[in-house]
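Keep the sequence and the 3D view side by side as you read.

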Amino acid sequence: MTIPALLKDRLELPVVGSPLFIVSGPELVIAQCKAGVVGSFPALNARPAGKLDEWLTRIADELGEYQAQNPDKKVAPYAVNQICHASNDRLFADMETCVKHKAPIIITSLRPPAEIVEAAHSYGGLVFHDVINVKHARKAAEQGVDGLILVCTGAGGHAGTLSPFALVREVKQWFDGTILLSGAISDGWGIASALALGADLAYMGTRFIATAEANADPGYKQALIAHAAHDIVYSNLFTGIHGNYLGPSIAAAGLDPDNLPVADKSKMNFGSGGNMKSKAWRDIWGSGQGIGQIVDAPPVAGLVERLKEEFAEAGEAFTQRLSA
């Protein structure tokens, strides 16, 4: 196992809450970190750009105060997601703000630029980069990232098509850094399975949308509770990149989830539905395939306690089966 020193003895569970466009804000991140799992948010969620400085100040202050009042609690560090693409004209200004605040972890998406890695490493920060295949993983490793987020089939939002049994085991052959696994992980049993497969941390997104602190439409949360894996649609129509979405939200936008056209990849528009009135993430709701395990939308603290119990149960069951 490769757990960075920054995370050792600071986690109640080996979990990173993935950054959720629109949904992740200071309230969710602070609740996750207080509960002992890494909370994260996309820098682009802070709008206008000046809000990012305010958010990072608030997160650091509230977590610092909570830790001082609860010295025996494991308070996890937070992470900021940077979209490394030409369409993100805020990238370097946002990264300067992260450097100013010494954001503990930077999660990069799409292209892993060496400049971001260098900037984070200048103050001792970590960089985790999300990938969907070995080719992208090798490129990111060459840039010096500290960890790879393997986004496998079944993950919410922009997701790959490879089985975790294939991708994790291939990457483990040559990568010595931290490995995070994403893809339909919604309970403690899924977290335990990720570790059994060889990952260091589970990367969970959709499950945290259905929580009290998430900045998500109540209808979105209820849809996650009401539906299951067969309601998930994999399409590149909405952003130009293939991702997993809730079929009922696509139908509500006036489209047939079973007969979606293929988008022109040369016209990628992150977070937008092109010329459609409905937009990805706001109206077309991202979701992983693991929603069959979601039955409620509790506060984050209660959810993490439940995940801990399930994780312990899975470990005990695994040990019993090995000794049988």
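Start with a rule: rings of Phe, Tyr and Trp (for Trp, its six-membered ring) pair if their centres lie within 6.5 Å. Planes under 30 degrees apart count as stacked, over 60 as edge-to-face and the rest as tilted. By this rule, the structure holds 4 aromatic pairs.

Take F41 and W55. F41 sits in strand β2 (residues 39-42), while W55 belongs to helix α2 (residues 51-69). The two are 14 residues apart, and the pair links distant parts of the chain. Helices (H or I, at least four residues) and strands (E, at least two) are DSSP runs, numbered from the N terminus.

F41 counts as buried because its relative accessibility is 0%. W55 is buried too, at 17%.

Now turn to Y220 and W285. This pair is stacked: 4.9 Å centre to centre, 10° between the planes. Y220 lies in helix α9 (residues 218-226) and W285 in the loop between α10 (247-252) and α11 (300-323), so the pair ties together parts 65 residues apart in sequence. Y220 is buried, at 5% relative accessible area. W285 counts as buried at 16%.

A note on the source: this is a predicted model, where local features need pLDDT of at least 70, side-chain atom pairs count only at pLDDT 80 or more, and totals for chains, interfaces and linings use all residues. Residues are numbered from 1 along each chain as its sequence is written, and side-chain values use heavy atoms, leaving out hydrogens and water.

Conventions. Buried means under 20% relative accessible area, exposed over 50%, partly exposed in between (1.4 Å probe, protein chains only).
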